[in-house]
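Please look at the sequence and the model before reading on.

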Amino acid sequence: MNNITKPNLIFKDDLLTGENIDRLTRKLKDLGDIFNDKAAFAQMDGETVVYDVESSFPVAHGTEGGLFYGITYIHPGKVGQEYFMTKGHFHEIRNRGEYYCTLEGEGMLLLMDENGNTRAEKMIPGSIHYIPGNTAHRTANVGEQILSFSAFWPSDAGHDYGTISEKGFSEILIEQEGQPVLVPNIKQ
Ligand code: PAN
Ligand code: ZN
């Protein structure tokens, strides 16, 4: 008997292949609540792709003890001064953590604890980011090419988008004089 098998997942030429890959695309029209500059948003084409996510769910959602894997690709772009970014979320089971590993491009990982303290970590190819439990996370592309990163999170974590969709992060990441800076979110 031969117990050697092929790998289940392969990441090659910027594509994740294997069985049961879930592919998701978020366009500007899906992200109306996350950008602050509503006037700039209204001028843009809602069909513009902001990011794609390829994920592998080897066990059912909610399974304790399993892990999920995904790759996110954020396109370069801005809405007003705000960079293209992900929706951002807390995990539904709040204490579940996650790892992000940057593959290519230049980005920022925004992290906000439950008391509303926001900080950001620079993402560069090869950078590895530990996202502690009880921490909302969002990524923004601050460069001129695609930002891609892989993520590893517990299969029972779940995603709570509601809190962020309502209030956002306590700080937003904008471009000022060509540089990304964090400024207080006036929406809060
Ligand atoms: C990531 C994110 C992915 C897209 O896989 O889900 O980057 O961001 P949003 O889910 O906020 O739209 C992750 O953090 N999973 O837990
Ligand atoms: Zn997450």
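The notes below start with the basis of the model and then go through the sheet.

This is a predicted model, in which local features need pLDDT of at least 70 and side-chain atom pairs count only at pLDDT 80 or more, while totals for chains, interfaces and linings use all residues. Residues are numbered from 1 along each chain as its sequence is written, chains are lettered from A and ligands numbered from 1 in the order in which they are written, and side-chain values use heavy atoms, with hydrogens and water left out.

**Sheet layout**
- An open sheet is built from six strands, with antiparallel pairing, in the order β3-β4-β5-β14-β9-β12.
- Strands (E, at least two residues) are DSSP runs numbered from the N terminus, and two strands pair if DSSP finds at least two bridges between them.
- At the edges are β3 (21-27) and β12 (128-131), each of which pairs on one side only.
- From one strand to the next the twist averages 20°, with axes fitted as lines to C-alpha atoms and angles running from 0 to 180 degrees between N-to-C directions.

**Strand β5 and its partners**
- Strand β5 (residues 67-74) has seven of its eight residues buried, so it is largely enclosed by the rest of the structure; buried means under 20% relative accessible area (1.4 Å probe, protein chains only).
- Strand β4 (residues 49-56) runs antiparallel to β5 and is joined to it by six bridges, and Ser55 stands opposite Gly70 in β5.
- Eight bridges link β5 to the antiparallel strand β14 (residues 147-154), where Trp153 faces Phe68.

**Strands β9 and β12**
- Strand β9 (residues 98-104) is antiparallel to β12, with four bridges between them.
- Opposite Glu98 stands Ile131 in β12.

Notes:
Buried < 20%, exposed > 50% of the residue type's maximum accessible area, 1.4 Å probe, protein only.
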